[in-house]
Each structure stands twice: as C-alpha cells, then as structure tokens.
Amino acid sequence: MRLPRLVSGLGAALAVVGAVSAQEWRTAFSATWAENLSRTSFAPDRQNAAVYDGAVDAVWHRQLAPNWLAQLQGEAGFEQVPVFPGLDGIHLGARLDVRRKFGLGPFAPALDVWGQAARYDLHERDRSAWRVDGGLSLSQRLTETWRASVSGQWNEDYARGHIFDIVNRRISLETTWQALERIQLSAGASRLWGQLTANANEFVYYSALGGGFGPKVAHYYGTIPWAESTAFGDDWVAYRIDCRADLCWLGASIALGENTSLSPRYESARVVNRADVTYRSAFWSLSLVHRF
Amino acid sequence: MPRLSILTLVAVLAAAAVPGATVNVSLVDAKGAPVADAVVSLTVAGAATPPAAGPAVEIVQKNQTFIPYVTAISVGTAVVFPNEDNVQHHIYSLSKAKRFEKPLYAPGSRESVIFDQPGVVTIGCNIHDWMVAYIVVLPTPYFAKTGADGRVALAGLPPGSFRLEVWHPLLPAPQDRTLTLAADATESFVLALKPDRRIRRAPESKAGGY
C-alpha cells in the first residue's frame, strides 16, 4: 500500500514527539470475526470476514485545575482484512479529552467532553476519509464493583468518494461489573441515527432500483447516491443510506497484569434504512491491550 | 564511691538490661495462608498519655501506585508524599481521622501531612482511581506491620495489661483481645478476609468499531 505523504509525515512527527515526551504508551491488537462485514441487506450475499487491527497510542495528561483533567492522545494504527484487501488501511489521529470530576474519590461522577480527528487511508481509495468525532460522557461508579455511563457521540466522515461521506450521531448506555478480582464484565446498548454506507451485489441493487423489492425500496434507492466499489467483489456497489441502528454488546475484560488485559466481546447491530430494509451484523472480537 | 550509690547504679543498669516482654503474633487467613500488610498494635489498658510522635515516614507515588500499601504510625507523626512519577497526582483523604487534599501534585513534589488523630486514613488519587493506600494512626508506640510471612514481633513491652488489636484492609472490623503480660507471649489469629475488590488498574479495550 502506498502511504500518502501527509500521513507518513504526520506519523513520523508523532513518533518523534511521542518518543520524547509521551507520559504513557498503549498498544492494542484485536482479531474480529465479522458477520456481514459488507453491511448487505440481501442475506445470501452477506460477506463475513476476519478483521485484524492494531494501534499504538501516545498519551499526555495534565490536571488543569483541582477537578479538571485534560488528556491528549495521538494514535497510529492499521486495519487488515485478508479476504477483502480493499479494506486494508492505516490511520493516524489525535484526540483531546477534558474531564470534569464532581468531587473527590472514585464515587464522584465525571463528565468527559472529547473531540478527535483522524485520517484513514484505505486500499480502496474512495473509502479513505478524514473522520471527525466529538462527544460527551457522564460516568458514575455506583458501588466498588459497579459502574455506569451514558454518552452521546457525533461523527462525520469526509471521504475521497462522496458515497462514503457520512454524518451520524448516537447515544449509548454502558454498565460494567467487576465480577472477580481480575475479571470485569460489561454490557451496553446504543441507538444511532444518521447515515451509513451499505454494499450490495450489482444484480441485487439493480433489482431494487427496478422495483424487484417493491415500490418503496425502488423509490428510496432512486434518491440515494451509489457508486461501484470493488471492496467486496468486482460486481458490487456501495450506497449511502439514511438509517437508524440499534447496537448492543457484551464484553469481558480479563486483567493479565496491572497493565495488560485481554477482552473478548460480542456486538450485534441492526440497521434499518428509510425504506425499512434491514441490515444485521455481528462481531466477535478478542483484544489485547497493554500500557507501558 | 559510697556503697549506696554503687548499689543504685547496679540496680539501674540491671533494670535497663531487662529487655521487656516480646509478643509474637502470627496471622493467617481462612485458607491458612499468611496475611501480609496487617497492622498489629498493643495499647496499654487505660493509658491516657499519647506516645511521642515518631520520625517522619514516606509514602511514595511511583508507577502510579502508593508505596507502601499500608503504613502504621503513632499519633502526631508526619508522612511525606514524594511524587516520583512522570505524571501529576491529586492525593486526598476523606477519612474522619484526617481530611486533606493535594491537587496539581506535580512530578518531583514532596509535601508532608501530620496525622494528629488516631484512626485509619484512606489515601487516594483523584486522577488515578486505582491508587489507594492506608495509614493506620495509633495512640501507642507498640505496633508493627506483618510481612509476607504474616508475622510480627513486638518487643520491649513492660508487664501489664494490653489490648491487642489487628487491622487489615480486607478485614470487615478490627479484631482485638485483652492480654496480660508477665513474660513473652505468642498469639495467633485466623482472619476472615473479604475478597480483594480494589478498583482495577488494567487498561480497557476501546469500544467496538461499528
């Protein structure tokens, strides 16, 4: 893969600055089995695949005032999908998080406001994008072992191919329970509104446009942008939908040491577009995180 | 030298040479494993005068951990908190025996706090919630902390009646016994400890990528 000059330049700068002054380094690697990675509505065409990704983060934090903490994070990472190499990519980004804690101690509620910008460069170049995210999160430890958080997030992608320009927002609830000294369980749910990109075999998509899936689908598909995309095959198209999505997940985090954890996770997604076409996906992942 | 003075000197030297009694205490948990980081203290029954403050002790912030985890001091002793990390800390205590707060505690800082009331003081960091340490402030000069072998020896004790108390972070309530000392003694305790549910330090993976 050819590295765009900007990304490689920023990466080198980050590495140099980080190596000199980062207060903390983190690495994360994960392997995910994605069911319907292609986000395809027509069940026989759904494409499953293994996804591997890794990232290195350099972290700086500074207490600005007694209850205000700022954290700046630089991240460089990669994604690899051996079956669909068009989705292979790298990314580089930065995130700023400001935390206001309302009181002293682990039981004091905390409000986090954050924003991040990242450049994603993918092998299928139209999918390359600048991604801008922002959000806020309110978290509270309810007991020594029980924690809950509610968060809102806004996301916008400015892609090379306009099909992949998307804007969406979501709210999430998550709870975490430390079941054993080394094992933590979590569960959460999200509702997303806005745009996502879906994929379909050309034949299926043209059938939808031609009314093969009913007039409502034909009308809606006639109004949305679409383009050829080779990420999932030579005769595939990508198209942008307006939708809502319901996500839920279950996870565990096993502390292998003070600075290392292994986290299995299951996530399910159900996306419904404006023509009531449904896209179901599931993700089974295993992540290893280490803090230096 | 007059005979009386010589006899007096011999008596004084003899008294000084008597080492006093020693109490050996061993602590095990319900499974028979030695209990480390427990504080064992002996308080003279009915004693009203607090002991003299001990020399200042240190609780270091290093690798985003308080070291040591448990510290025992006598009332009036100063504790110094050197920050040997490369990050700021915000140490605090909400305990009745000593409330204090040291925000914006930069790397290299080194401030002290005098603990002037008996009791257990829990120390935390408001930035790194997993950081915790305990200071047991005691109204007696006779105390010690168990090591990995779960044992302590309290020596130089005068004869008399004492309250023997054992404290540990995982003990629901301190355990105590009354002890009348005339000679060396050995005491053992089997402690029913709560599960260790300290706030976890290990990093968490990021949310899914949907």
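**View 1. Strand E10 of chain A is joined to strand E11(A).** In this predicted model, strand E10 (residues 226-228) of chain A runs antiparallel to E11(A), and three bridges join the two. Within this pairing, Trp226(A) is found opposite Tyr239(A), a residue of E11(A).

**View 2. Strands E9 and E11 of chain A pair in the antiparallel sense.** Strand E9 covers residues 183-201 of chain A, and strand E11 covers residues 236-255 of chain A. Their pairing extends over 19 bridges. Which residue of E11(A) stands opposite Gly188(A)? The position is taken by Trp249(A).

**View 3. Strands E11(A) and E12(A) form a hairpin.** Four residues lie between the two strands of this hairpin. Strand E12 comprises residues 260-273 of chain A, and its antiparallel pairing with E11(A) involves eleven bridges. Arg244(A) stands opposite Val272(A), which belongs to E12(A).

**View 4. Chain B and its residues 1-18, with the confidence of the prediction.** Chain B has a mean pLDDT of 87, and 88% of its residues reach 70 or more. Over residues 1-18 of chain B, however, the pLDDT is below 50. Beyond near neighbours in sequence, this stretch of chain B has one contact in the model. For the model, the scores are ipTM 0.81 and pTM 0.84.

Terms used. Residues are numbered from 1 along each chain as its sequence is written. Chains are lettered from A and ligands numbered from 1 in the order in which they are written. This is a predicted model: local features need pLDDT of at least 70, side-chain atom pairs count only at pLDDT 80 or more; totals for chains, interfaces and linings use all residues. Two strands pair if DSSP finds at least two bridges between them. pLDDT is the predictor's confidence in each residue, from 0 to 100. Two residues are in contact if their C-beta atoms, placed from the backbone, lie within 7 Å.
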